[in-house]
Amino acid sequence: MESHPLLIVDGANVVGSRPDGWWHDRAGAAARLRDRLVPVADVGVPPELPAPVEVVLVVEGAARDVPGVAGVRTVAAPGSGDDTIVDLVRDAPDRRRLVVTADRELRGRVGALGAEVYGPRWLPG
């Protein structure tokens with residue numbers, strides 16, 4: 001099993017969980033979320049997720065062009081962000097996979113593949 005857990009964040013869903021005006025600037029909101037995730041790569045999310053962690057932020061729609069930064073890889077969904085997240089989980093069967101989303105259907109899909117699922121409030125910051 002790969003030693004580093006894979007944390008996949010449903011960008012649109014997590015951004016949408018905070019009523020901070022994100023709808024006025026979806027790309028900016030996704031970039032702020034990405035920046036909030038940077039420390040997770042080195043610190044983890046204690047106590048459930050010890051570091052180091054590979055952090056992947058799935059972006060879609062108006063946020064599709066938000067680039068990755070050191071510590072957070074962005075994946076631009078070519079279509080459905082949910083389908084992209086399922087593919088990422090499916091493509092890493094030998095790793096501990098954690099998905100952050102509040103989307104009930106997505107939670108069921110990735111849970112059926114063995115991923116752990118957490119809600120947006122689980123993330124630091």
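What you have open is a predicted model, where local features need pLDDT of at least 70, side-chain atom pairs need 80 or more, and totals for chains, interfaces and linings use all residues. Numbering runs from 1 along each chain as its sequence is written, and side-chain values use heavy atoms, leaving out hydrogens and water.

Now show the whole of helix 2, residues 26-43. Helices (H or I, at least four residues) and strands (E, at least two) are DSSP runs numbered from the N terminus. From first C-alpha to last, helix 2 reaches 27 Å, close to the expected 26 Å (1.5 Å times one less than its number of residues). Just past helix 2, click glycine 44, which has a positive phi of about 75°.

Strand 4 is largely enclosed by the rest of the structure, because 5 of its 6 residues are buried. Strand 1 pairs with strand 4 in the parallel sense over 5 bridges (pairing takes at least two DSSP bridges). Look for leucine 7 opposite valine 55. Strand 5 also runs parallel to strand 4, joined by 5 bridges; there, leucine 57 partners threonine 74.

Last stop: tyrosine 118 and tryptophan 122, both buried.

Terms used: Buried < 20%, exposed > 50% of the residue type's maximum accessible area, 1.4 Å probe, protein only.
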